[in-house]
Amino acid sequence: PTMHSCCCRSTLLLLLLLYINAAVHQASAFHTNNQATSMMSSAKKQKPNDDDDKESLHEIRAGFIGCGTIASAIATSLAKPEHEEYLSEAGLSLSTISVTKRSASKSSKLKEDFPHVVSVYESAEEVVRNSDLVFLCLLPQQVDEMLSELKEKGTWNNDRHTLVSLVSTSKVEDLIAKTSLPTNRVFKMICLPPVSNREGCALLTPPASSENGHPYLKKMFDALGGVVECPTDEIMSSMMVPTGLMGTMYGIMKNNRDWLINKGVSPSDASYFVARSYLSMVQDAERDCRDPKRFDDLIEEQTPGGLNEQALKNQEKQGVFDAYDKSMDAVLSRIQGKSDGSLP
């Protein structure tokens, strides 16, 4: 073959290779575009599912008759944006919070902090009509008149209303009689202000998680920090007693602080050290606290012959724990209405 024909063949071969390479790149680009289109299509299909998940959450319309410290703490816990994920994990979402104006300082603060969900009303009737889950947060002497008024006005709806009383002297059977709400829609609850930060543990009676119980109440309180369900009102009354020792614990801490100050420690250092020390002790006790032997184990861990073991024995000899028992018995007696709770 001539040199000219060889060059022609080489040129044709080169052109063929370039054509094949271009075709491969075009096919690859087409495949990539198809993949991207498919992924975008899948994402578009997935988005409605996310919306469906949100729509499947049970919406809570909470109301508070009385807006004191505890009511404000529960409302704050429900409304905090950082608590939304915990409610969502429980299948719940907050829709609205309705509160009575009194006390004005706390209701206005809630409105200021959470303007998009909190509404303040002049009357309890308005709160109930704009809520499904109603918290009763009044003084004991105000309860009968308020419930009678609401019942006379036909405010309660048996199909949608749930009543949770935070009045320490409330009896569930009395609340049912005074509202005519179904038995699985009336509860008594006790909690402390730290619930606003998902701390502490609530008490609830009757159990909401029973077979014929409430559809979401226990889930909600678990999402807000934790709850113990009490099978009877008597158990609830006994469980309430430690919540009445909050002031006693602060009194012990104050005593520790003052003792240190009398020994020459600066007030600021004494207060800071005592608070941080007690916090570390409580955090240690809280670990594995479902184990009923947890506190016994912590006591056993104290060094034999050490300062902690000796201090504990000295307190026992001084009758400190006997005094505690008497104080707790007195608190229970007051809760049960048997006495005014005073000791000689």
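Leu192, Met246, Met249, Tyr250 and Val282 make a nonpolar surface patch of about 420 Å². The model is predicted, so local features need pLDDT of at least 70 and side-chain atom pairs count only at pLDDT 80 or more, while totals for chains, interfaces and linings use all residues. Residues are numbered from 1 along each chain as its sequence is written, and side-chain values use heavy atoms, with hydrogens and water left out.

Patches are made of residues with over 30% relative accessible area and no salt bridge; like charges are joined within 9 Å, and nonpolar side chains (Val, Leu, Ile, Met, Phe, Trp, Tyr) within 5 Å. A salt bridge is a side-chain nitrogen of Lys or Arg within 4 Å of a carboxyl oxygen of Asp or Glu. Accessible areas come from the Shrake-Rupley method with a 1.4 Å probe; for residues, only the protein chains shown count as cover. Helix α10 (residues 246–262) gives the most to the nonpolar patch, with three residues. Val282 belongs to helix α11 (residues 267–286). Val282 is partly exposed, because its relative accessibility is 45% (buried means under 20% relative accessible area, exposed over 50%, partly exposed in between; 1.4 Å probe, protein chains only).

The protein as a whole has 14 helices and eight strands. These are DSSP runs, numbered from the N terminus: H or I of at least four residues for helices, E of at least two for strands. Of the 344 residues, 31% are buried. The accessible surface is about 21800 Å², and carbon and sulfur atoms hold 55% of this surface.

Ile74 sits in helix α2 (residues 69–79). Its relative accessible area is 0%, so Ile74 counts as buried. Beyond its neighbours within four places in sequence, Ile74 touches Phe64, Phe135, Leu166, Met189, Cys191 and Val195. Ala62 is twelve residues away along the chain, and the two C-alpha atoms, of Ile74 and Ala62, are 10.0 Å apart.

His214 is found in the loop between β7 (202–205) and α8 (217–223). His214 is also buried, because its relative accessible area is 7%. Its side chain makes a polar contact of 2.8 Å with the side chain of Thr162. Such a contact is a pair of N or O atoms within 3.5 Å; within protein, one must be able to donate a hydrogen and the other to accept it, and residues adjacent in sequence count only if both atoms are side-chain atoms. A polar atom of the His214 side chain also lies 3.2 Å from the backbone nitrogen of Leu217.

Definitions and conventions: Contact means heavy atoms within 4.5 Å.
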